[in-house]
Amino acid sequence: MFGKRNEFGKSSKPAPAAAPVAAPLETSHVASTTPIEKVQVPNISIPTPVIKEKTPEYYEIKKTVFDTLIETIDMSQLAEMDNDNTRAEIADVVNEILIIQGGVMSIFEQEELLEDICNDVLGYGPLEPLLARDDIADIMVNGAGKTYIEVNGKMELTNVKFQDNAQLMNICQRIVSQVGRRVDDSSPICDARLMDGSRVNVIAPPLSIDGPTLTIRKFKKDKLTLKNLVEFGTITPDGATILEIIGRSRCNVVISGGTGSGKTTLLNCMTQFVEADERVITCEDTAELQLQQDHVVRLETRPPNLEGEGEVTMRELIKNCLRMRPERIIVGEVRGPEAFDLLQAMNTGHDGSMGTLHANSPREALSRMESMITMGYSLPSVTIKEMISGAVDIIIQAARLRDGSRRITHVTEVLGMEGDVIILQDLFTYNIIGEDENGKLIGRHQSTGIVKPNFWDKAKYYGEDAKLAEALTNSAVEENKFA
């Protein structure tokens, strides 16, 4: 029916008449006669767009049109065009196909079909509307028929569906190929990232029984700051000031928390206080940190190839960091024996280094670090604890509460050893008081009354002691108000 186009965008046979175009909406008389500055626009909250569930007949028409489109156009020339021209070209061809096939579709349905096909050709198909929303934290695709999202800490089932598992698998392969990874029957597990830094995990059949499973941890378009965390209630203003001083004073920081508790977001916020003239090197399994500074070197691990060769582990990256003249080393997430190398870096002059790990409390974070070190080294427990207590200055505990809110629950100092026990000292804690009629938890951050923390000398060295004293004093006053 269609041959390849001779000159891209021009068919070898006369083009049929263009599809009917909807008439423009009639403009209001007020809009045409009243100056713009005098029009009063009501403050209307725009609801979240609802994605209409599509019928099997729609998917059948779409598949026919899409297959014909692929046969008709020259994909190599399409790749050389920008998005606007590409969409215009695809629109012309889709309109021609619909007219020749004689299908009856409304203008709205034609526009919807065109948008879906453009998303399939140029983007990530049915995921595009979800990726465009900035209020979504996670997208979870459980096979072609079910897609969940996380909004405000709560899971929601959407109407987004894929045509079949083959379409979902094609999109997964498109995502991972952008970072030089692959996912197929021989390599069914893959971590990757989108162009905006969002983290992607794919697990495909035969490991995933009901079809490919895709999980996307989205990044907000606007980078969050500590000020934003204060607005969200994650920490108090004085607590944020103390975290800022911790970052500026080059304390060695471990951020601890569960999955989805906001560890990476908090780490990004903490790195905003790194001075512009400091050389920072980041090591991650999947690059997702968004540092603001110019002098940043970003490193990423590499999985083994199909022959089981070529793997570059986190330990190798951190070891190589030490030869790159870093001033700070930031590890996206510590999962194994690389904890030993990070502690070594902290103990050898790379003050201000940071990392995250999974743990439910500051005390558990220390136990986790000890366990991870024993995965690769046969060292006495006391030796490992001495290394941890000598390297880590601050543990910041993040948590996602049962109502979906995220809070910094502890800002804790590591004081040293007493016998074979590491001594910890809380500066801030978050206590839950109750919940309101909507099920939202009510709590407050409380200072423990420490007015001269263990990192006081570091803060004084960097000229932050007066600011630190003021923040601690204000926090103590706030605590007395609740007493």
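**Notes on helix packing and selected residues**

A point to keep in mind throughout: this is a predicted model.

1. Let me begin with the pair formed by helix 11 and helix 12, whose crossing is left-handed. Helix 11 covers residues 314-321 and helix 12 covers residues 338-347; their axes lie 8 Å apart at an angle of about 15°. Because angles under 35 degrees count as roughly parallel, helix 11 is roughly parallel to helix 12. On the helix 11 side the contact uses M314, R315, I318 and K319, and on the helix 12 side E338, D341 and L342.

2. Helix 13 (residues 362-374) and helix 14 (residues 381-391) make another packing pair, with axes that come within 10 Å and cross at roughly 125°. That angle makes helix 13 oblique to helix 14. The crossing is right-handed. Helix 13 brings L366, M369, E370, I373 and T374 to the contact, while helix 14 brings S381, I384, K385 and I388.

3. Helix 7 is worth a look on its own. This helix runs over residues 165-177, 13 residues in total, and spans 18 Å from its first C-alpha to its last, close to the 18 Å expected at 1.5 Å a residue. Which residues of helix 7 are buried? They are Q167, L168, M169, I171, C172, I175 and V176. When you view that list, recall that an α-helix has 3.6 residues a turn, so residues three or four places apart point the same way.

4. Next, please look at T412 in strand 13 (residues 406-418). T412 has a relative accessible area of 0%, so it is buried. Its side chain makes a polar contact with the side chain of D426, at 2.7 Å. Setting aside residues up to four places away in sequence, T412 touches P362, D393, I394, I395, L424, Q425, D426 and L427.

5. I395, one of the residues that T412 touches, sits in strand 12 (residues 394-400). How far apart are the C-alpha atoms of I395 and T412? They are separated by 5.1 Å, although the two residues are 17 residues apart along the chain. I395 counts as buried because its relative accessibility is 1%. Beyond its neighbours within four places in sequence, I395 is in contact with V254, S256, P362, A365, L366, H410, V411, T412 and V414. Among these, L366 also belongs to the helix 13 contact with helix 14 described in point 2.

6. E278 is a loop residue, found between helix 10 (263-271) and strand 8 (280-284). Is E278 buried or exposed? With 6% relative accessibility, E278 counts as buried. Its contacts, not counting residues up to four places away in sequence, are R250, H295, E327 and R328.

7. Finally, F66 lies in helix 2 (residues 56-72). F66 is partly exposed, with a relative accessible area of 23%. Apart from its neighbours within four places in sequence, F66 is in contact with I117, D120 and V121. F66 and L113 are 47 residues apart in sequence, and their C-alpha atoms are 9.7 Å apart in space.

Key: Residues numbered from 1 in each chain as written. Predicted model: local features only at pLDDT ≥ 70, side-chain atom pairs only at ≥ 80, totals over all residues. Heavy atoms only, no water. Helix = DSSP H or I, 4+ residues; strand = E, 2+ residues; numbered from the N terminus. Expected span 1.5 Å × (residues − 1). Buried < 20%, exposed > 50% of the residue type's maximum accessible area, 1.4 Å probe, protein only. Axes fitted to C-alpha atoms, helices over the stretch in contact; angles between N-to-C directions. Parallel < 35°, antiparallel > 145°, perpendicular 65-115°, else oblique. Left-handed = near helix turned anticlockwise from the far one by under 90°. Contact = heavy atoms within 4.5 Å. Polar contact = N/O pair within 3.5 Å; in protein donor to acceptor, adjacent residues only side chain to side chain.
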